[in-house]
Each structure stands twice: as structure tokens, then as C-alpha cells.
Amino acid sequence: MKKVGLIIAVILVVLMMVGCSSATEEPASDSAAPAAGAEKSMEDLVVGYAQIGAESEWRTANTASIKGEAENLGVDLKFSDAQQKQENQIAAIRSYIAEDVDVIGFSPVVETGWETVLQEVKDAGIPVIMVDRRADVPRELYATYLGSDFVEEGKKAGNEMNNLLPEGGKLVELVGTVGSAPANDRYSGFRETLNDNIEIIDSQSGDFTRAKGKEVMEAFLKKYGEEITALYAHNDDMAIGAIQAIEEFGLKPGEDIKIVSIDAVRGAFEAMIDGKLNVTVECNPLLGPQFYELALRAVNGEELPEWVPSEESVYYPDNAEELLPERQY
Ligand code: AHR
């Protein structure tokens, strides 16, 4: 009996030893996951952020949110401005790999052409968070996407235009940066809801900037003159540039030409107060707080949802004056 007890005890000890060694030798399924009990905190985080540029009031607010929140949280942020060029963003991402940052955030200027560099980031074991804009890449190449539903924004803009032009009309469109997610989605979303009695007579890119918006609107006015009864601008900056062009042409923006744009920046509220803009659909740039929260979770090995959408609203001239003081961007 004693002998049997001894054999069982030996077997148990051997089994425990095997169990312990396999637990320590098992490779981490995700190379970005830290060892158990070694979770990082915000103050430990080193983040590389490849921003698009400074093309709009929206982007300025977005950059301020990313930089300001890093300071609040004590995150070590390495920030670069690509001046609207994809090759500069790619070079910045490669430099963050070389610096071995904990996580990389970026807003892809255009949707395509990211697979090679994102594969390099993955091979280096660094999680990637796409912020504001999405790239067209396989799911395994990024941890999550934090940003707006641009199709929905386009649909909202279409509905607002229908309300402004119940009898129909002739519309021109200022498209955002060619090949960018917001330009593609705001273009298609708008067409999903726009009534058939509103004819889109022309559609050109204004590259999301005030100067280009003005220039393209001048060309539209030269070509179509008073035939134009409405303008849909993919962002407020282009709408504000177009408003100048319309006034210089001798027409009244917001009256002779109804205008719907997207972003809801302070400049749009001012234009609504002056009666020159009819509607702005919100696109929220204040993504800093959510970005670092997601970054920390990714670095600590958590599986994140494919998309974390931002909450957005629609604003009209009626209460623009009351709301302007509260607007943070
Ligand atoms: O990606 C968001 C868009 O980029 C904003 O609507 C536009 O203003 C910006 O430049």
C-alpha cells in the first residue's frame, strides 16, 4: 500500500513539473503582448504618430487633441506632419519601427498603398491604430480603426440638401482629397440619399483646403453662373473658400446658393451666424483621449474591435450663435 502511495506521489510531482515548464516555454501568441504581470501604464507608452498635414481647421484641432492629450497623460509622443504626402507618412512609419516605439497611430492620407509598410510594422510586433481615416488593408494589419462613419456623414448631407431644395435644383460638389476615405465615402453616401430632382452638374476636388475650394468654386461659377442653386462641400474649409468666391461673383451664399458642408468647425458656425452657410454635418476631430486609451489596451495585448466609431451631430444656423462659445474646434 505504502509503495502504491509513493508511486502516485512521484507521478504527481512529474506531472506538475511538466505543467510548469510548458507554461513558461509557450510562445506569446501576439508578439505585442507583454509578459503576464508586466502591463504598461500610460507613462510607459512611447507612441509614433504619422499625421497627414495641416490642410484644414479640422486637422489643426485633431493634431492639438493628439498632442495635448499626450502631454496630459505623460505619454512619450513622436509626432510627424507628412504635408499631405503618402511617401512622407510611410517614411515616418518606418522611422518609428526603427525607434522601436510601443504603438503607431496614423491617419492614412489616401486609402490604398499601405500593405507593404503595415506588414513591416506587424513583423516588428508593433500594433497599429488607424485614426480618423481608414486604409484599405487586411484586418490582420491593424489593431483597430478609430474614427467617423464618412458614408453616414455623406447620407446626412444628402438629406439636408433635400430639405433645403424641396423643388429640386442644380448642384456643384467640392470633393476632398482624391483617393482619401472621407472623399470616397462622402461622395457615395451623399448620392445614396439625394433626391432625383437635384442634379449634380459638376464635381471637382478642392483637396480639403480653403484656397482650392475657392479656386474650384470660381471655375464652377465661371462655367455655370447663376444656374447653380446648391453647393455640397466635403469639408467646411472648402465651403468657406467657396463662400468668398460666391460673394466676389455677386451672389449671396446661403440664399442664392444653398450650402451644406461637413466638419462643424468654428469657422462654419461663424458662417452660419452670418447666414452664409445652411448646414454643417459634424465630424469629430477630438480623438486624442480615445486614441491613447486604445493604444494602451493594444500594447497590453487586448484584442480590439475592428472599428471604434466617433459620435457626431448636425448643426443649423438657428442656434449657431448660442453653441459657438462651447465649440472646442
Ligand atoms: O479625414 C477627415 C477630414 O480631413 C476632414 O473632414 C477634413 O476637414 C480633413 O482635412
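A polar contact is a pair of N or O atoms within 3.5 Å; within protein, one must be able to donate a hydrogen and the other to accept it, and residues adjacent in sequence count only if both atoms are side-chain atoms.

I note that this is a predicted model, in which local features need pLDDT of at least 70 and side-chain atom pairs count only at pLDDT 80 or more, while totals for chains, interfaces and linings use all residues. Residues are numbered from 1 along each chain as its sequence is written, and side-chain values use heavy atoms, with hydrogens and water left out.

Contacts. I looked up polar side-chain atoms facing ligand oxygens: Arg 133 has one 2.8 Å from an oxygen atom of the ligand. For Arg 59 the distance to a ligand oxygen is 3.0 Å, and for Asp 263 it is 2.6 Å.

Burial. I then checked the area: the ligand taken alone exposes 280 Å², and the protein buries 100% of that (Shrake-Rupley method, 1.4 Å probe).

Shell. I listed the residues around the ligand, among them Glu 55, Trp 58, Phe 150, Pro 182 and Asn 235 (near: a heavy atom within 4 Å). Helix 2 (57-73) and helix 6 (181-193) each supply at least two shell residues (helices are DSSP runs of H or I, at least four residues, numbered from the N terminus).

Domains. The ligand lies between domain 1 (43-147 + 285-311) and domain 2 (150-283), because both give residues to its shell; the bounds come from an automatic or database domain assignment.
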